[in-house]
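Please examine the sequence and the structure before reading on.

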Amino acid sequence: GTLNYHGILINGFSELFSDKKILEKLSDLVKNDLNEAVRALLYNIPTASAIISLRAVEGAIRDLYKALKGENCNKTWRDALYEVERELKSKNLEFKKLGGYLSYLKNVKDEMQKGKVFTKKESEYILIHAVYAIEEIYKIIEKIQTHHNND
């Protein structure tokens with residue numbers, strides 16, 4: 001596989017993050033979904049892992065929405081993403097890097113809805129991209145919170 005499963009077995013999903021400070025900021029839902037996505041890969045259930053990885057990203061997007069708008073997000077993935085992108089641009093916050101990861105994951109979600117069954121390697125890449133997206137989302141949340149605290 002693509003992932004360091006030995007390190008993951010010892011350190012859990014934190015092994016996947018380059019910025020370990022982000023781990024403290026993850027919501028319980030995102031942590032739970034990442035744990036389950038990794039567990040599904042360990043038990044060779046790749047499509048389930050892909051689905052749960054996307055759900056983890058969706059949870060992080062909802063956290064970003066709340067940081068931006070000050071209210072819980074009850075929108076669909078697409079609508080929430082549209083709102084988040086619009087808000088970030090209006091606040092002159094960087095979206096390009098995050099947008100690239102989310103574009104890839106949106107394509108995965110579209111394939112999934114068409115009934116695609118994912119291989120282990122595909123699901124590993126999906127999990128890795130999900131982690132990259134989640135790291136970017138929480139970096140943006142931190143910038144928003146820092147900005148609010150300085151006002």
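## Helix packing in the chain

Helix α3 is followed by Gly70, whose phi is positive, near 75 degrees. Helices and strands are DSSP runs numbered from the N terminus, where a helix is H or I with at least four residues and a strand is E with at least two. The model is a predicted one, in which local features need pLDDT of at least 70 and side-chain atom pairs count only at pLDDT 80 or more, while totals for chains, interfaces and linings use all residues. Residues are numbered from 1 along each chain as its sequence is written, and side-chain values use heavy atoms, with hydrogens and water left out.

The predictor's confidence in each residue, pLDDT, runs from 0 to 100. The chain has a mean pLDDT of 91, with 97% of its residues at 70 or more. Among the elements of the chain, α3 has the highest mean pLDDT (96), and helix α1 (residues 5-11) has the lowest (85).

Helix α3 contains 24 residues and reaches 35 Å from its first C-alpha to its last, which is close to the 34 Å expected at 1.5 Å a residue. The expected span is 1.5 Å times one less than the number of residues.

The table lists the helix pairs. Axes are lines fitted to C-alpha atoms, for helices over the stretch in contact, and angles run from 0 to 180 degrees between N-to-C directions.

| Pair | Angle | Axes |
|---|---|---|
| α2 (residues 28-42) and α3 | roughly 165 degrees | within 8 Å |
| α3 (residues 46-69) and α4 (residues 77-90) | about 45 degrees | 10 Å apart |
| α4 and α5 (residues 96-113) | about 165 degrees | 12 Å apart |

Angles under 35 degrees count as roughly parallel, over 145 as roughly antiparallel, 65 to 115 as roughly perpendicular and the rest as oblique. Helices α2 and α3 are therefore roughly antiparallel to each other. Their crossing is left-handed, meaning that the near helix is turned anticlockwise from the far one by less than a right angle (clockwise would be right-handed). In contact, defined as heavy atoms within 4.5 Å, residues of α2 including Leu29, Val30 and Asp33 meet residues of α3 including Pro46, Ala48 and Ser49. The residues of this contact divide into eleven nonpolar, three polar and four charged. Here Ala, Val, Leu, Ile, Met, Phe, Trp, Tyr, Cys and Pro count as nonpolar, Asp, Glu, Lys and Arg as charged, and the others, Gly among them, as polar. In the loop between α2 and α3 lies Asn44, which has a positive phi of about 60 degrees although it is not a glycine.

Helices α3 and α4 pack at an angle of about 45 degrees, so α3 is oblique to α4. The crossing of α3 and α4 is left-handed. Their contact involves Leu54, Val57 and Glu58 of α3, among others, and residues of α4 including Trp77, Ala80 and Leu81. By class, the contact of α3 with α4 has eleven nonpolar, no polar and four charged residues.

Helices α4 and α5 pack at about 165 degrees, which makes α4 roughly antiparallel to α5. The crossing of α4 and α5 is left-handed. Trp77, Arg78 and Leu81 in α4 meet Leu102, Lys106, Lys109 and Asp110 in α5.
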